[in-house]
Amino acid sequence: MSGGTHRVASIDVGSNSTRLLVADVEDGEVAVVERHSRVTRLGRGVDLSGQLSDEAIEAACAAIGDYVEICAEREVERVAAIATSAVRDASNGGAFAAELRERFALSPRVLDGEEEARLTYRGATAAHPPAEPTLVIDIGGGSTELIVGRGAEIAFHASLQAGVVRHSERHIATDPPTATELEALAGNVRTLIEAPLARSGAPFVPVKYERRTGSRGATGVAAGIAVAGTPTSLAAVELGLEPYDPQRVHGHVLGLEGIQRQLSRFASVPLAERAAIPGLHPDRAPTIIAGCVILVEAMRAFDLSRIEVSEHDILYGTALETAGDAETT
């Protein structure tokens, strides 16, 4: 690309979906050229077996192969591949990364929780850095990132072992789920959220989570941004979008009560009926209940009654970083 514009691509090999963003980046602004997402469930079974399954690896590789071809067609300058919870946790994650290098000449970067939080926050806030403490929630297949920041600075982050694939496998055995299963799921998520909040001592943390020895008078977060498949799906259902329209989803505000109503609707019907709900992609139907529970518990923990849905996520953060690297070489 000429001038200060760099055409870059981000490939996110997640626990539930494998995604691609091709974008032209100039002066810190991301212009989407092409974006794709495919539910590949790389993280299925990892919580129990500790390994990526052959079937899941092949599903992810099939998506990545298609994405590599798109990058070539779009004359992408640089491709950055990142991998998160499933690859991070699996005993054969290193072998999977080596397979991507061999098959596609990609060198995936396996992110730790801190790197994942930084790139997610950068992607979600780059266009409009928040003036007040803002929570960014990224609900993935195997983990959930909670990041609080103001401007470009992160004040707190936690990478929770809570994800839509992981927690569906752990807690939901019946279709539709029982009230007991949902209560156990929510209780586990609450415990995972409360632990890092209770020990953080950060000035924004709600008073109920402050350390007993610390000063009181927490101000709390002023706003929230939610990224990834759970909130975008909830927005699409609330708006009745068929087909999916990212421009209408981006910036849509979800209320806590509305999310709870959607959760009740999803949890009251079997999978086949859930998959037919307008606006909900059928591939998201098996895990949307766990995603709703995680989102509800995170919002309650931070005393948020509403949250803004964003299409600007870790793919955007990675694109910005990759374009920045291109400037310096």
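Cys 71 is buried in this predicted model, at 5% relative accessibility, where buried means under 20% relative accessible area, exposed over 50% and partly exposed in between, with a 1.4 Å probe and protein chains only. Cys 61 is likewise buried, with a relative accessible area of 2%. A disulfide is a pair of cysteine sulfur atoms within 2.5 Å, and a search of the whole structure finds 0 of them. The sulfur of Cys 61 has its closest cysteine sulfur in Cys 71, 15 Å away, so the two are too far apart for a bond.

Both cysteines are among the buried residues of helix α2, a list that also includes Ala 56, Ile 57, Tyr 67 and Ile 70. Helices (H or I, at least four residues) and strands (E, at least two) are DSSP runs, numbered from the N terminus. Helix α2 covers residues 54–73, and its end C-alpha atoms lie 29 Å apart, in agreement with the 28 Å that its 20 residues should span at 1.5 Å a residue; the expected span is 1.5 Å times one less than the number of residues. The buried residues of α2 pack against strands β1, β2, β3 and β4 and against helix α4, a contact being heavy atoms within 4.5 Å. Just after the helix, Glu 75 takes a positive phi of about 55 degrees.

Turning to the sheet, 6 strands form an open, mixed arrangement in the order β8-β7-β6-β9-β11-β10. Strands β8 and β10 stand at the edges with a single partner strand each, so one side of each has no neighbour in the sheet. On average, neighbouring strands are turned by 25 degrees against each other, direction ignored. Two strands pair if DSSP finds at least two bridges between them. Strands β7 and β8 run antiparallel and are joined by 7 bridges, with Val 148 opposite Phe 156 in β8. Helix α7 (residues 179–200) lies across β7 and β8, at about 145 degrees to β8. Helix α12 (residues 288–301) also packs on the sheet, touching β6, β7, β9, β10 and β11, and its direction makes about 165 degrees with that of β6. For these angles, axes are lines fitted to C-alpha atoms, for helices over the stretch in contact, and angles run from 0 to 180 degrees between N-to-C directions.

Strand β11 pairs with β9 in the parallel sense over 2 bridges and with β10 in the antiparallel sense over 3 bridges. Glu 308 in β11 is the bridge partner of Ile 225 and also of Val 253. The covered face of β11 holds Ile 307 and Val 309, while Arg 306 and Glu 308 lie on the uncovered one.

Arg 265 sits in helix α10 (residues 256–267) and is partly exposed, with a relative accessible area of 42%. Not counting residues up to four places away in sequence, Arg 265 touches Val 237, Ile 277 and Pro 278.

Confidence is expressed as pLDDT, the predictor's confidence in each residue, from 0 to 100. The chain has a mean pLDDT of 91, and 92% of its residues reach 70 or more. Among its elements, β10 has the highest mean (98) and helix α1 the lowest (88). Over residues 211–218, pLDDT stays under 50.

Residues are numbered from 1 along each chain as its sequence is written, and side-chain values use heavy atoms, leaving out hydrogens and water. In this predicted model, local features need pLDDT of at least 70 and side-chain atom pairs count only at pLDDT 80 or more, whereas totals for chains, interfaces and linings use all residues.
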